[in-house]
Amino acid sequence: MTIWRGKDPLILASQSPARKMLLANAGISFEAVPADIDERSVQKNSGLSAPGEIASLLAREKACFVSSKNPGRYVVGADQTLALGSRLFSKPAGRAQAAEQLRLLGGGTHELHSAVAVAGDGKIVFSDVSVARMT
């Protein structure tokens, strides 16, 4: 059973296996189309520093980018930022960097800011951010 009622499948602006699994497990018919944007440049050019604002901006940019190339379709974009105090973490480049990040996060309270945005015809129709605090 699918809960998506659109005539065309929803588009996920991502190739993330985790995001694909979430939609598939929810019974939502979708196709994955990666958003070909330079996330670090978008973040840098925005001048934003708050983790939730950055996650929201990147989710919206991904959704709008893919949506502008797929008129008449709804596109979901998502992003997450991990912060420990004022320090933002990026995806680790390898095992050594991942181990170092885990060491830095251990024993402290860090925040995971998760954002989702939905776009249609290149315009945002929905956007939200949530924060999970973890110790």
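How many helices and how many strands does the secondary structure of the chain come to? The secondary structure comes to four helices and six strands, where helices (H or I, at least four residues) and strands (E, at least two) are DSSP runs numbered from the N terminus. The model is a predicted one, in which local features need pLDDT of at least 70 and side-chain atom pairs count only at pLDDT 80 or more, while totals for chains, interfaces and linings use all residues. Residues are numbered from 1 along each chain as its sequence is written, and side-chain values use heavy atoms, with hydrogens and water left out.

**Overall layout**

Read from the N terminus on, the elements of the chain follow the order β-α-β-α-α-β-β-α-β-β. The C-alpha trace spans about 50 × 35 × 25 Å along its principal axes. Of the 135 residues of the chain, 33% count as buried; here buried means under 20% relative accessible area, exposed means over 50%, and partly exposed lies in between, with a 1.4 Å probe and protein chains only.

**Packing of H2 and H3**

Two packed helices are described by the angle between their axes and the distance between the axes. Helix H2 (residues 39-46) packs against helix H3 (residues 51-68) at an angle of about 125°, and their axes are 10 Å apart. That angle makes H2 oblique to H3. Axes are lines fitted to C-alpha atoms, for helices over the stretch in contact, and angles run from 0 to 180 degrees between N-to-C directions; angles under 35 degrees count as roughly parallel, over 145 as roughly antiparallel, 65 to 115 as roughly perpendicular, and the rest as oblique. The crossing of H2 and H3 is right-handed, a crossing being left-handed if the near helix is turned anticlockwise from the far one by less than a right angle, and right-handed if clockwise.

Helix H3 is also the place of Ser56, a residue that is buried at a relative accessible area of 9%. The C-alpha atoms of Ser56 and Arg73, which are 17 residues apart along the chain, are separated by 21 Å.

**Salt bridges**

A search of the whole structure finds six salt bridges, each defined as a side-chain nitrogen of Lys or Arg within 4 Å of a carboxyl oxygen of Asp or Glu. The table includes three of these pairs.

| Pair | N to O distance |
|---|---|
| Glu31 and Arg73 | 2.9 Å |
| Lys62 and Glu39 | 3.5 Å |
| Glu100 and Arg103 | 2.7 Å |

Glu31 forms a salt bridge with Arg73. Glu31 lies in strand E2 (residues 30-32) and Arg73 in the loop between H3 and strand E3 (74-84), so the pair ties together parts that are 42 residues apart in sequence. Glu31 is partly exposed, with a relative accessible area of 33%, whereas Arg73 counts as buried at 14%.

The side chains of Lys62 and Glu39 also meet in a salt bridge. This pair links distant parts of the chain, with Lys62 in helix H3 and Glu39 in helix H2, 23 residues apart. Lys62 is buried, with a relative accessible area of 7%, while Glu39 counts as partly exposed at 23%. Together with Asp79, the residues Glu39 and Lys62 are linked in a network of salt bridges.

In the pair formed by Glu100 and Arg103, the two residues are three residues apart in helix H4 (residues 95-105) and are therefore separated by about one helical turn. Glu100 counts as partly exposed at 35% relative accessibility, and Arg103 is exposed, with a relative accessible area of 53%.

**Surface and loop features**

Tyr74, Val116, Val125 and Phe126 make a nonpolar surface patch of about 360 Å². Patches are made of residues with over 30% relative accessible area and no salt bridge, like charges being joined within 9 Å and nonpolar side chains (Val, Leu, Ile, Met, Phe, Trp, Tyr) within 5 Å; accessible areas come from the Shrake-Rupley method with a 1.4 Å probe, and for residues only the protein chains shown count as cover. Val125, one of the patch residues, has its place in strand E6 (residues 123-134) and is exposed, with a relative accessible area of 52%.

Asp121 is found in the loop between strand E5 (110-120) and E6. Phi of Asp121 is near 55°, a positive value in a residue other than glycine, and Asp121 counts as exposed at 52% relative accessibility.

Leu22 lies in helix H1 (residues 17-25) and is exposed, with a relative accessible area of 63%. The C-alpha atoms of Leu22 and Gly6 are separated by 18 Å, the two residues being 16 residues apart along the chain.
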